[in-house]
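Subject: A structure for you to explore

Hi,

Here is the structure I promised to hand over. Have a look around first, and then read on for my notes.

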Amino acid sequence: MIGTARDGFRAAVTGIGSYVPERVLTNDELSKMVDTSDEWIIERTGIRERRIAAPEQALSDLCRPAIEQALEQAGIEASEIDLLIVATVTPDMAFPSTAAILADELGMPDAAAYDLSAGCTGFMYALAQAYGMMAGGLAQRALVAGGDVLSAIMDWSDRTTCVLFGDGAGAVVLERVDQGGFLGFELGAEGSGGPQLYLPAGGSRMPTTAQSVAAGQHFVQMNGREVFKFATRVLVSSAEAILAKTGHTIDEVDVYIPHQANVRIIDHAVRKLGISADKVVVNVDRYGNTSSGSIPLALAEAQAEGRLHEGNLVLMTGMGAGLTWGSALLEWCER
Ligand SMILES: CC(C)(COP(=O)(O)OP(=O)(O)OC[C@H]1O[C@@H](n2cnc3c(N)ncnc32)[C@H](O)[C@@H]1OP(=O)(O)O)[C@@H](O)C(=O)NCCC(=O)NCCS
């Protein structure tokens, strides 16, 4: 799916928030848990440490402070939000949705609230959906959160997965603006690649049983090499597609926020796209791959570092389980 902003309708990010748990898990600590090393993890992934949620913290506990910050920055009340989408693969529970739980806790009585599952691309899908609902006249002010507590679905004895991921969340407020804002979206899915990155049990295909638990089928399973190939391909193709569709070139992009999975994947995309390294936002070294939290966390960090200015062209591209991918191009506007 690919499309540009609707004629005469502009919506932009007017508030950003983020949250990561306090607990830092370093590579050295991991090397005491599984057969790995700080050197291996840094060389193959660029990750130095990641955050891990406290046992009592569920996804809504990570999203809540991020949403509160985003609302404060936008200068609006929770009650003014009429659409809340939470992108995640680790909701508090299968149902009710984490979004419904948060809408109640935060006081959003007029909001449609639901979770969206598109793996690490969830935040990009949710942005596009919120934009579409606003452009279609269904929503006036939307809140899009992305976050995951992947530590809850990791096999902490599997060195091929547990070193890569971390916990975190981010949120943005979307409001109508006069100019700038989102210029277009490109989203896709390749379901044939699903088995390369999946969590087999706990759904209707393989309900939870003592056997499924004993077999570790409630943990993330991944074919790292295949996902690597996919990721390097789609980060580039999706970015090129949205730039072409909106009539822009990579040289015009001021800030590039790729999904934070692995520094090698990001470096590959940066080389292939031909964008200069100083325009790229990278924080995977400190947070690992936080799935749906990755892009909003990086966006919040870019803002905190003073890297987002009025009129800047911001390119964001995510990819992940599904296998899925998604890009958005927006013209940054300050309010
Ligand atoms: C997982 C990943 C870092 C592995 O890097 P790689 O260079 O492809 O490494 P390989 O899988 O070829 O493994 C190389 C060796 O390291 C070993 N290895 C794997 N994990 C290890 C770890 N944590 N520590 C030490 N050694 C490890 C492997 O067993 C393998 O050993 P072998 O050669 O004896 O079989 C890389 O494939 C990757 O980043 N894939 C994408 C994952 C991803 O981003 N997923 C989320 C997408 S949203």
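Let's begin with a loop: proline 96 sits between β5 (83-87) and α4 (98-106), where helices (H or I, at least four residues) and strands (E, at least two) are DSSP runs numbered from the N terminus. The peptide bond that leads from phenylalanine 95 into proline 96 is cis, with omega near 5°. Another cis peptide bond links glycine 322 to leucine 323, with omega about -5°. Leucine 323 belongs to the loop between β13 and β14 (324-331).

Two notes before you go further. This is a predicted model, in which local features need pLDDT of at least 70 and side-chain atom pairs count only at pLDDT 80 or more, while totals for chains, interfaces and linings use all residues. Residues are numbered from 1 along each chain as its sequence is written, and side-chain values use heavy atoms, with hydrogens and water left out.

**The ligand**

There are 23 residues around the ligand, and Thr36, Arg44, Arg159, Arg225 and Asn262 come nearest; to be near, a residue needs a heavy atom within 4 Å. This shell holds 10 nonpolar, 8 polar and 5 charged residues. Here Ala, Val, Leu, Ile, Met, Phe, Trp, Tyr, Cys and Pro count as nonpolar, Asp, Glu, Lys and Arg as charged, and the others, Gly among them, as polar. Helix α8 gives the most, with 4 residues.

A backbone N or O atom of glycine 224 lies 2.9 Å from a ligand nitrogen, and a polar side-chain atom of arginine 264 is 3.4 Å from a ligand oxygen.

**Around α11**

In the loop between α10 (284-287) and α11, you will find serine 291. Serine 291 has a positive phi, near 55°, though it is not a glycine. Helix α11 (residues 294-304) is mostly covered, with 9 of its 11 residues buried. Just after α11, glycine 306 has a positive phi of about 70°.

Enjoy exploring!

Key. Polar contact = N/O pair within 3.5 Å; in protein donor to acceptor, adjacent residues only side chain to side chain. Buried < 20%, exposed > 50% of the residue type's maximum accessible area, 1.4 Å probe, protein only.
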